[in-house]
Amino acid sequence: MTTRGPTNDTRYQLFASGLTENSPYRAYLLQTFNGLTGMTEPIALNTKTGSVCQLVYDLPFCNQVAYSVASNPTTDRWSLASQYDAQAQTTFEPFAVSLSQFNCESTQYSLVRNCTDCYRDYKAWLCAVTIPRCADTSDFVQDYTIPTASAAPALREVPVNGSRNPWVDNTLSPAESTELLPCIDLCYHVVQSCPPYMQFYCPVGDLASSQYGYWQTGDTVVNNTVYRFDVNRPTCNRMGLDTKQLTITSDGNKIKSLSYLYIVLIVLALL
């Protein structure tokens, strides 16, 4: 069971082991009710091409993490998850101390956000950047910038000792890999939710594109292969954020997230 996701609803999670690397699978879920057994539509799955990426989930602190991370063959899954989670929590502690010094009970810095939102959103952002999401290097990676693509993942080739988090290289020493970049909304939400005195800013322009990705949906054909991008094949690592409130990129135009629009409307109403 898990409560990951924007609604914190309790849901089932399934873990399949013993699969072959770099192989396609189709999964079906069966459920019996009142003597009748129903079956879902097939769920298409593809295993990764090598052992550099390893799946971790059910982390106590970074509880929205449920994806593959850079690893090495000598580290087992549960030790890997524990190490990643512990270093993220240690990195988070100075921020928690700083926020605790702000009088959250009596000082209002926002009409729509409070310190609880700040704590949650900074934690989500921190977990995403300290626990980079590992992706496969494929033919599509080489061509994902093609101008005709309606959607494309935000990927970064990670050489040896080139992780965005030096702890990963110093502790795990993974081989070359590919990272699916965090959604830039994770950064935006921290700016929206935290007190201004923290002076947290998000990059813009080329710097933003090199560090973050934008949420996109749609089909893209590369080398006669159709890639469908949605919640099952994301274009950036959203860490459980509601897809309806993500910044969408369409035909090169960035549409600000709904939460930004709400704030703008409130400000206009007060003028």
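Where is the place of Asp58? I found Asp58 in the loop between S5 and strand S6 (67–70).

**Ground rules.** I am working on a predicted model, where local features need pLDDT of at least 70, side-chain atom pairs count only at pLDDT 80 or more, and totals for chains, interfaces and linings use all residues. Residues are numbered from 1 along each chain as its sequence is written, and side-chain values use heavy atoms, with hydrogens and water left out. Helices (H or I, at least four residues) and strands (E, at least two) are DSSP runs, numbered from the N terminus.

**Positive phi.** I looked up phi next. Most residues other than glycine have a negative phi. Asp58 is not a glycine, yet its phi is positive, about 60°. Asp58 is partly exposed, at a relative accessible area of 43%. My terms here: buried is under 20% relative accessible area, exposed is over 50%, and partly exposed is in between (1.4 Å probe, protein chains only). Met239 also has a positive phi, near 55°, and is a residue other than glycine. I placed Met239 in the loop between strand S11 (225–229) and strand S12 (248–250). Met239 is buried, with a relative accessible area of 6%.

**Helix pair.** I took H1 (residues 77–100) and H2 (residues 115–130). They pack at an angle of about 145°, with axes 10 Å apart. Axes are lines fitted to C-alpha atoms, for helices over the stretch in contact, and angles run from 0 to 180 degrees between N-to-C directions. From H1, the contact takes in Tyr84, Phe92 and Phe95, among others. From H2, the contacting residues include Cys118, Tyr122 and Leu126. Contact means heavy atoms within 4.5 Å. I read the make-up of this contact as 11 nonpolar residues, three polar and one charged. Nonpolar covers Ala, Val, Leu, Ile, Met, Phe, Trp, Tyr, Cys and Pro; charged covers Asp, Glu, Lys and Arg; the others, Gly among them, are polar.

**Sheet.** I traced an open sheet of three strands in the order S7-S9-S8, with antiparallel pairing. Which strands are the edge strands? They are S7 (133–135) and S8 (155–158), each pairing on one side only. Two strands pair if DSSP finds at least two bridges between them. S8 and S9 (residues 177–180) have four bridges. In S9, Ser177 is the bridge partner of Val158.

**H5 and Pro203.** Is H5 (residues 185–193) mostly covered or mostly open? I found eight of its nine residues buried. Among them are Leu186, Cys187 and Val190. Pro203 sits in the loop between H5 and H6. Pro203 is buried, with a relative accessible area of 14%. Beyond four places away in sequence, Pro203 touches Ile184, Cys187, Ala208, Gln211 and Tyr212. The C-alpha atoms of Pro203 and Cys187 are separated by 8.9 Å, at 16 residues apart along the chain.

**Side chain to backbone.** I looked for polar contacts (N or O atoms within 3.5 Å; within protein, one able to donate a hydrogen and the other to accept it, with residues adjacent in sequence counting only if both atoms are side-chain atoms). Thr47 is in the loop between S4 (43–46) and S5 (53–56). The side chain of Thr47 reaches the backbone nitrogen of Ser23 at 2.8 Å. A polar atom of that side chain also lies 3.0 Å from the backbone nitrogen of Asn22. Gln216 is in the loop between H6 (205–211) and S10 (218–222). A polar atom of the Gln216 side chain lies 2.8 Å from the backbone nitrogen of Ala152.
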